[in-house]
Structures are given as C-alpha cells and as structure tokens.
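Please read the numbered points with the model in view.

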Amino acid sequence: MTKSLIPAAVLLMLGSLAARAEQLTVQLRGPALAESAGFLIAEARGYYAEEGLAVRLRPADPATPPFEALARGEADLAVEWMPTALVARENGLPVVNIAQIFARPALRLTCRREAGVAGAADLRGKTVGSWFGGTEYPLLAWLNRLGLVADDSLSGVALLAQWPGTEMLRQKQAACISTLGYDPAPDEGLVELDPQDQGAAVLEDGLYVLAGTLAAPEAEERLSGFLRASMRGWREAVAQPEDSARLILGPDPDPGALQRQARMLRRIGGLLAADGALDEAGYRRTVETLRTGGPRSVLRREPRGAFTHAISDRATLPEDAAATATADPTTTGPDVAPLR
C-alpha cells in the first residue's frame, strides 16, 4: 500500500484532472514491492495524473499471470519477462512490447558448493529449482546453451517447483535454485551462476499490450504518457532507495522489510533502462538464445511484429528536460513536496 505525500491543494487539482483522465489498468508482476517500485512511486507522487491518466495498478497474483489478465480484458498493459511474451505470441496471443523497463537481466542460479556445483559445467545430473509460470523459459534456454536436457536423467537436469525463499537449499532438496541478482541468497557455502557467462542472458521486465490496443485512437499518446511517468518514478525509486522503500511499504514498516526493499532498489538501479526504449540488440540476443537447442528450443519460429518503438520514441523527453530529470530525479515542481 502506498501513501501520497502530495499537498492538499495539489490533490484537489489532480482529483479534478482524474475525473476526466484516461483510464489505464496495469497488471504488475513479481511478489516484491521493489520489483514494481517505479510504478508505485509514479502513482503515489501523482505523475500519472500529470499525464492526464487515471492508472490502476493491479498487484501481482500467482493465480492470474500478467498475460492472462491481459487476454481476459482485465488489464490494458502488463509487465512481463520477454521470453514469456515471445512464447505467448508464438502460441497465438498477440502481445507487443512497447517498452523495456529493465535493460539488463537479473536471473541467476544459486547453488550449494557441497552439492558439487562450482560452475555451470557442474549442473549435469543436478536438481534445479524453478518458479515456473514462464520463468522456466530462460532457464531452459540456458540449459540448451549448456547442452543439457531437463529430463530428470543423470546426464541431464531435474527441474523442481521452487519453494519460497532459500528453503530448498537449506534443506538440501535441490543443488540449485533460481534467484535474482537484485535479491541474492545469503552467500555462505553458495555460488551464484550467471547465464551471461554462457551468452544465455535474456531480457526480462518489459511493458506489453495486445496488438489491437495500438490501433485505438489516442493509444500512442496514452501509452507514451504512462511510460514517461513510469520511468520518472523508476528514476526516483533507484535514486532514493531508502525513502522510496519507506513510501511503498507504508507507515511504520518492518525494519527488516525496509532494508531488504531498499537493498533491492539499489541493485535494480544497475539494470534499469535509461528511458524505457527496447534495445534491438538485446532483443535479437534474447530471440537467438530462446531459439537455441534445435528440437528442444524454447521458440520454434522467428518472431514478427513482436515490438514497436513508437511509444518509447514519443515518450522520450526533450534533451533539456531529460538532463534536468537526470540531474535531480526528485524534482516535481514547486507545489509537490520531495520524499522525506
């Protein structure tokens, strides 16, 4: 839950704007608030309202994956990993990437040294935890790069449904579990493996809409306004991680939770895209990785029409405004109090 720190006079003004604002419902992903911090900050600070948007952020729900909400018409936009999007598109759901929030991937494997894993070459014959729900696609592509099959055999890898936290490691139920670079497991007796070492890294959090949404009148204006406000929120979130964590957690947060969310935001800062534009080289590397493995490849065909730059191009700030935002990401105008 978020708490707005906007003065009453500004709230009245934003309230009148919201009454005639464009409505957008956004399905978030990821259980940790830090993973959605930029959107939550933009909502709490009134950045969406300044763009003439009334945005509803739907919290992540394991029972309703982001693209399921999109397909059902319960959301206008969804935040999701690119492999999940490309697989969904290949299977008939016409999702289109309109922006890329994270320019660099965070997926890792954290493994027990005592299980005999010191590097990726040691994964053969091991058990590996996965969250599934689409996050297994980059993992399967990584295994394909390594020449390993997830077939539970001694010459392959056994994929297990992962428990919350690091319990599977502590109880020795798996040799490795899936982790994120911005939320690493405690490092006692553990080794972290990075898919980039095998050229198997793929893009993760991006913004997606159904293709038909882009044909609607004023779609580019609405979506570019959302992206512009969201990236403003993200810049603020990573520039002031402690204050941002306190804002998104609400009043009197648990000290441990506050420290964890702030720590995650500091690390997310290194992954964040500059302005939300998709890097085509990163896209091509993602597709190439997902198509590796012959008959076992995650993607069977080369995607077509899977992204557009129209929204991010329109959302890009003028050069002087961008410089101002970079120099002071907390600047919000004379009537809006900074985070404290």
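1. Residue classes and basis of the model. In this note Ala, Val, Leu, Ile, Met, Phe, Trp, Tyr, Cys and Pro count as nonpolar, Asp, Glu, Lys and Arg as charged, and the others, Gly among them, as polar. By that scheme, the lining of the largest pocket divides into 17 nonpolar, eleven polar and eight charged residues. The model is predicted, so local features need pLDDT of at least 70 and side-chain atom pairs count only at pLDDT 80 or more, while totals for chains, interfaces and linings use all residues. Residues are numbered from 1 along each chain as its sequence is written, and side-chain values use heavy atoms, with hydrogens and water left out.

2. The largest pocket. A pocket is an open set of points, on a 1 Å grid over the protein atoms alone, where a 1.4 Å probe fits, with protein on both sides within 12 Å along at least five of seven lines; lining residues have an atom within 4 Å of a point. The largest pocket holds about 950 Å³ of space, the volume being that filled by probe spheres set on the points, which are joined across faces, edges and corners. Its lining comprises 36 residues, of which Arg-29, Gly-30, Pro-31, Glu-35 and Trp-131 are the closest to the centre. Strand E3 (77–81), E8 and H11 are the elements that give two or more residues to this lining.

3. The chain overall. The protein chain has 14 helices and ten strands, taken as DSSP runs numbered from the N terminus (helices: H or I, at least four residues; strands: E, at least two). Of its 340 residues, 51% are buried, that is, under 20% relative accessible area, whereas exposed means over 50% and partly exposed lies in between (1.4 Å probe, protein chains only).

4. Aromatic pairs. Rings of Phe, Tyr and Trp (its six-membered ring) pair if their centres lie within 6.5 Å; planes under 30 degrees apart count as stacked, over 60 as edge-to-face and the rest as tilted. The count comes to seven aromatic pairs. One of them is stacked: Phe-39 and Phe-226, at 6.1 Å centre to centre with 10 degrees between the planes. Phe-39 belongs to helix H2 (residues 37–45) and Phe-226 to helix H9 (residues 219–239), 187 residues apart; both are buried. Phe-102 and Tyr-182 form an edge-to-face pair, with 6.2 Å between centres and 75 degrees between planes. Phe-102 lies in the loop between E4 (95–100) and E5 (107–112) and Tyr-182 in the loop between E8 (176–180) and E9 (190–193), so this pair ties together parts 80 residues apart in sequence. Both Phe-102 and Tyr-182 are buried.

5. Helix H6. Which residues of H6 are buried? They are Glu-136, Pro-138, Leu-139, Ala-141, Trp-142, Leu-143 and Asn-144. Seven of the ten residues of H6 are buried, so the helix is largely enclosed by the rest of the structure. After H6 comes Gly-147, with a positive phi near 75 degrees.

6. Most residues other than glycine have a negative phi. Phe-132 has a phi near 60 degrees; this residue is in the loop between strand E6 (127–130) and helix H6 (136–145) and is partly exposed, at 31% relative accessible area. Asp-252 has a phi near 50 degrees; this residue is in the loop between helix H10 (241–249) and helix H11 (255–268) and is exposed, at 77%.
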